[in-house]
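Q: I would like to learn how to read a structure like this one. Can we take it feature by feature?

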Amino acid sequence: MDKLLVSPSPHLHTKTSTKSLMRDVVIALLPAVVVSVLFYGWSELLVLGVSVASCVLLEYLITKYLLKGACTIGDWSAVITGVLLALNLPATTPWWVVFIGAVVAIGVAKMTFGGLGQNLFNPAIVGRVFLLISFPTYMTDWTKPQGFICNALADGYTGATPLGIAKEGGVAAVEGLDYMDMLFFNIGGSAGELSAIALLLGFAYLLIRRVIRPYITLSILATVAVFSGIFWAINPAEYTDPLFNLLTGGLLLGSIFMATDYVTSPMSNWGGVIFGVGIGLITMLIRYFGAYPEGVSFAILIMNSVVPLINKWCHTKKYGR
Amino acid sequence: MMKTFSIGGIHPSDSKISKDCKIEVLPVPSKVFISVAQHLGAPATPIVKAGDQVKVGQVIAEPAGFISAYVHSSVSGTVKSVGPRKDLAGNNMTHIEIDVEGDEWIEGVDLTDTLVTAIPEDNKAILDKIKMCGVVGLGGATFPAHVKLCPPPGKKADCLILNGAECEPYLTSDYRIMLERSKEIVVGAAIMKQVLGGCPAVIGIEENKPEAIKAMTAAVAELQSTAKGYEGISVMTLKKKYPQGGEKQLIDAVMGRQVKSMGLPIDVGAVVQNVATSLAVYEAVQKNIPLITNVMTITGDCLPMEKQHNYKFRIGMPLSYIAEVAGGVPAEAAKIISGGPMMGKAIANMDATTVKGSSSLLYLTAEQTVRGVESACIRCGKCAEACPMGLEPFLLQKYARNSMMDELEENAIQDCIECGCCLYSCPANIPLLDIIRLAKGDVIKIIRGRGQR
Ligand code: SF4
Ligand code: SF4
């Protein structure tokens, strides 16, 4: 009887752990991963493999030899960064460029801040944006490699993303695009931008498993829809329509998987809404008026930097106050 | 729409394994040790000494202050000693040791099963009886019942809430009395609401106890049609969510009102009493029986069905004795809890004895209860989402680790009800409540100190 455990309440604990949450995010990413591999074939597998392996390996090496602390690769967060980074790159990206992206994501954006929980910016996005600036040619090469399943891209779209085409040629250039193609996987773009359905499946899974709350994602999508809706209503010849803006580019991937990153998003629901509206606005400003065709990554990074401020002002509603 | 409290809350598994075990009466052991600290407030002062003969129900310790309570002997026999003995946390407290001889009760108690439905008219006499019978709140806090039933001048009760939520996993004692003593509980409610000036009384029960809802609703209906003084009593079905039975949460759920920080329920017109307290009030007022018994649950996933029990115990029975009668402590038990798994206390000493508020012996296995290794906060916000007081535990723990007292107070650490939702929910195994509990004590001391100056 003297070996009774005595410790303060509560005496039970949820089964949900950091590891199980992160693993759920990886599971939620699987549909998008499968679609991208089917579509882009071996070269996409290579990008994914290099990205995930280097992220995990780098985190292992850094925690073990540089920080000499507990090894944290068991929490699956490095795997998420690896998958997200890969899904943000064209399938034609050379392996060594992918590796540099992983070094920036894990080595710079994550570990120098102190690892999971401490980083200000989403590691995968930092990696991607770094590559976009340093290797613009590789990062905008959307030629389609041979996939595992046969599919017929509409003529004329093979070499570019719909957003890129719209930027170059205006609304008229994307007139023939079929939204059903965007929903499934018939449009050009980086791997993770292929299939809205696959990404939305992941979103549903995350919500059902209560991994994330819907506020950030929904407020981003709503803002994009409203903003583009207003401009499109005023001048449909100049501005792309809301559905086009929702389904193309990295919007779904970014709003579902990257803006909702626990560490780099606000804690409270209202904070999440402000954060989401900000991302939506900045994204649309870049798409309509900026130099780049796509602005989700920049928008998330910019809003990441104001999260501490949002957290300072947005608190949960307290009982009896 | 079923009602519940508006902020936070969690849904741990129900685990009401012993819910179908009828209440059994525990045989009286040969010796009891009755603690003088069975209530919130000052420990009572013993008025017996070694060698005295006592009867069942006789006062053996008197209140030592306004917030204190009478303690009665639960057995008849000879006082063997009055002195320190370890309680379940292992701290020394004065206990009165009595050698049991026979089972002779004091004069005037009504031990029959006859239901007494006529409510005495004199409220003062009722309150006196509740006080003299040592009735305390049995929902966890063991606050002297008569004090709560006398609102301070200028305050009025708008609603008496009977807490039948039993939101802690595993516990089934309230459930059993709601099934087996439904009418007595309703009579107790009618008595308390009369004392409070005739406000309505609402019996709040969670949806996962349909049988109890049925039994209590039937009891209310029957008493309303056969006796006087039972109007305005109703049963309210609440959604299942922990901590529904928290006083502040229950008031929010039932009345839609929130008690201000550092305020009392009566400030918003609420008086909350547990269903077990209502039963004790019935026994005290209608039967003259002092509070010397209560019902406790013996349970745990590692106990076979035949060793699960709901026992009517007398105060002063050693826990080890009860465990023995129930079939022994299971080998897999790593931790034994007195109370629920969320807010109960881990028992350090099985030689400790039952008190008025004892509610369980809950056996948890190592696998169930040993916490995982703490890792870094991933800022998931799950602790804040779970907190029924709307606090931000991740922030409080950070401030607490750095002793930032002003920030802690600004962020309302003093409002923490120690429900454990935050620690339960944290995927990074951060001991949030452990840290918050300590710092909260310090902050409340600072606030009190300021009030005195
Ligand atoms: S223990 Fe305190 S801080 Fe934690 S959830 Fe409960 S009230 Fe909130
Ligand atoms: S639940 Fe734990 S990990 Fe999540 S924010 Fe709260 S303290 Fe951090």
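Q: By class, how many nonpolar, polar and charged residues has the shell around ligand 2?
A: The shell around ligand 2 has eleven nonpolar, one polar and one charged residues. Ala, Val, Leu, Ile, Met, Phe, Trp, Tyr, Cys and Pro count as nonpolar, Asp, Glu, Lys and Arg as charged, and the others, Gly among them, as polar. This is a predicted model, in which local features need pLDDT of at least 70 and side-chain atom pairs count only at pLDDT 80 or more, while totals for chains, interfaces and linings use all residues. Residues are numbered from 1 along each chain as its sequence is written, chains are lettered from A and ligands numbered from 1 in the order in which they are written, and side-chain values use heavy atoms, with hydrogens and water left out.

Q: Which residues are the closest to ligand 2?
A: Of the 13 residues that surround ligand 2, the closest are Cys377(B), Cys380(B), Gly381(B), Cys383(B) and Cys426(B). A residue is near a molecule or strand if one of its heavy atoms lies within 4 Å of it. The site is shared between chains, because residues from chains A and B surround ligand 2.

Q: Which residues are the closest to ligand 1?
A: Ligand 1 is surrounded by 13 residues, with Cys387(B), Cys416(B), Cys419(B), Gly420(B) and Cys422(B) the closest. By class, the shell around ligand 1 divides into eleven nonpolar, one polar and one charged.

Q: What describes two packed helices?
A: The angle between their axes and the distance between the axes. In chain A, helix α1 (residues 18-40) and helix α2 (residues 42-66) pack at an angle of about 135 degrees, with their axes 6 Å apart. That makes α1(A) oblique to α2(A). Angles under 35 degrees count as roughly parallel, over 145 as roughly antiparallel, 65 to 115 as roughly perpendicular and the rest as oblique. Axes are lines fitted to C-alpha atoms, for helices over the stretch in contact, and angles run from 0 to 180 degrees between N-to-C directions. Helices (H or I, at least four residues) and strands (E, at least two) are DSSP runs, numbered from the N terminus.

Q: Which residues of α1(A) and α2(A) make the contact?
A: On α1(A) they are Val33(A), Ser36(A), Val37(A) and Tyr40(A), and on α2(A) Trp42(A), Ser43(A), Glu44(A), Leu45(A) and Leu48(A). Contact means heavy atoms within 4.5 Å.

Q: Through what do the strands of a sheet pair?
A: Through backbone hydrogen bonds, either parallel or antiparallel. Two strands pair if DSSP finds at least two bridges between them. In chain B, four strands form an open sheet in the order β11-β10-β9-β12, with parallel pairing. β11 (233-238) and β12 (270-274) of chain B stand at the edges, each with a single partner strand, so one side of each is left without a neighbour in the sheet. Strand β10 (residues 201-206) of chain B pairs with β11(B) over six bridges, and Ile203(B) has Val235(B) as its bridge partner.

Q: Where does helix α4 of chain B lie?
A: Helix α4 (residues 182-195) lies across β9 (159-164), β10, β11 and β12 of chain B, at about 155 degrees to β9(B).

Q: In what sense do β7(B) and β8(B) run?
A: Strand β7 (residues 77-86) of chain B and β8(B) run antiparallel, joined by nine bridges. Val82(B) stands opposite Ile96(B).
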